[in-house]
Amino acid sequence: MKQPHKIAMFGGSFNPIHNAHTAVASAFVKKLKLDKIIFIPTATPPHKSDEEMISAEHRLNMCIAAAENVKKSEVSDIEIKRSGKSYTVDTLKQLKQLYPDSELYLITGADMFLTLQDWKCPKEIFSLATVCTVPRNDADCELLREHEERLREMGAKTVVLDLKRMDISSSEVRKRVFYDEDISGLVDSKVEKYIYANYLYMNKSKLCYERFNKVIKARMGEKRYIHSVNVSIEAQRLAKKYGADVSLAKLAGLLHDCTKETSAKQQLQIIENSNIILSDVEKSTQKLWHSIAGAAFVRDVMGIDNEDVFNAIRYHTSGRANMSLLEKVIYIADFTGAERDYDGVDKMRALADRSLEEAMAFGLSFSIADLAQRSLAIDPNTVLCYNEVILQTSRKK
Ligand SMILES: [Fe+2]
Ligand SMILES: [Fe+2]
């Protein structure tokens, strides 16, 4: 197989990757006539806190999304996979092994370029690759030219590309996300969506409905988003009517299906990460996973520490005995949101306006009949809930 002739490695923490990174990559592909450019995110240093450095997996996924817009590019996890401290010289050696006949280039930020002589084995780096950079600002140009001379005296081959300045930094992106400011011009739209969908860099100490709205929008298609908003509106109405906490109803309604469009594999991963043990019935009933994973995501990823909201999401599909007012409100609102049009929705809406228990009984019998007809297992929580509300309603009658 013919090997690519010119390959550049573009390393960095990419926390997150932004439009200046991709512009620099595209400019070098053009200028150096590269056959391949490889984004290589660094491994996560163990001492960095969550706010500073998110997981390598997230940084890698964002690189993959952004790289779609850079010709000749690919993304490699070789530094992430390599255990221990990662040195550029080791990565270059690995690339040389993979592509022995290719000419290698190393693209670094200007600040890194200015300290290259202090890296591990600088001379070996210089023998393996041509080092390339771009100035961050006008003052940099002069500095980089002078430094180029110094590196050349040490045997380096260098390229400083005087690109149009783009005033973007990863720390600025993180700061804007934290303060709920717009990042649409700073990162690729797929990266933006990924940041919101995974609740990265966000301020977890302050509840903000607008922010949650962004998260929900990024995690699902339009139809499900409309459903989520409708459940939120209906939950507020029912909460007001029956005396539940209206703002929690608004929140739980919006978030109740937050992992419904997440793959089954990821749903199980979220459940496992939260140390939730599934019962045999839960294991065998995929429909329940999004409720359990959703509650775990809201609590452990989004940091919403409210037990009633957790349980309202956790049991919005199955129901359970002794449900709180909020849990019942969310369970019913899921049936009676504005876009629902199944046979029997009018009766369900009328019951919801009369009594929460009667509406619960109707909804549960609907679910149980559906599961039984399809020969699917019925969660004991559902049966307990059904018996409870049937006894309550018959006593009242
Ligand atoms: Fe659901
Ligand atoms: Fe739903």
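Me: Let's start with α19 and α20: which hand does the crossing have, left or right?
Reply: α19 passes α20 in a left-handed crossing. A crossing is left-handed if the near helix is turned anticlockwise from the far one by less than a right angle, and right-handed if clockwise. Helices (H or I, at least four residues) and strands (E, at least two) are DSSP runs, numbered from the N terminus.

Me: Which residues of α19 and α20 meet?
Reply: From α19 they include E357, M360, L364 and I368, and from α20 they include T382, Y386 and V389. Two residues are in contact if their C-beta atoms, placed from the backbone, lie within 7 Å. By class, the residues of this contact of α19 with α20 divide into 8 nonpolar, 5 polar and 2 charged. Ala, Val, Leu, Ile, Met, Phe, Trp, Tyr, Cys and Pro count as nonpolar, Asp, Glu, Lys and Arg as charged, and the others, Gly among them, as polar.

Me: Before we go on, what sort of model is this, and how is it numbered?
Reply: This is a predicted model: local features need pLDDT of at least 70, side-chain atom pairs count only at pLDDT 80 or more, and totals for chains, interfaces and linings use all residues. Residues are numbered from 1 along each chain as its sequence is written, while chains are lettered from A and ligands numbered from 1 in the order in which they are written.

Me: Thanks! Back to helices: at what angle do α10 and α12 pack?
Reply: At about 15°, with their axes 10 Å apart. Axes are lines fitted to C-alpha atoms, for helices over the stretch in contact, and angles run from 0 to 180 degrees between N-to-C directions. That makes α10 roughly parallel to α12 (angles under 35 degrees count as roughly parallel, over 145 as roughly antiparallel, 65 to 115 as roughly perpendicular and the rest as oblique).

Me: And which residues of α10 and α12 meet?
Reply: Y209, F212, N213 and I216 of α10 meet K250, L251, L254 and L255 of α12. The classes there are 6 nonpolar, 1 polar and 1 charged.

Me: Why is R211 called partly exposed?
Reply: Because R211 has 18 other C-beta atoms within 10 Å. A residue is buried if 20 or more other C-beta atoms lie within 10 Å of its own, exposed if 12 or fewer, and partly exposed in between, with C-beta atoms placed from the backbone.

Me: New topic: which residues of α9 are buried?
Reply: In α9 (residues 189-197), they are V191, E192, Y194, I195 and Y196. Their cover includes α2, α8 and α10.

Me: How do α2 and α9 cross?
Reply: Their axes come within 8 Å and cross at roughly 155°. That makes α2 roughly antiparallel to α9, and the crossing is right-handed.

Me: Last one: is I107 buried or exposed?
Reply: I107 counts as buried, with 29 C-beta neighbours inside 10 Å. I107 is found in strand β4, residues 103-107, and among the residues I107 touches are A8, V24 and C132.

Methods:
Lists of a residue's contacts leave out its neighbours within four places in sequence.
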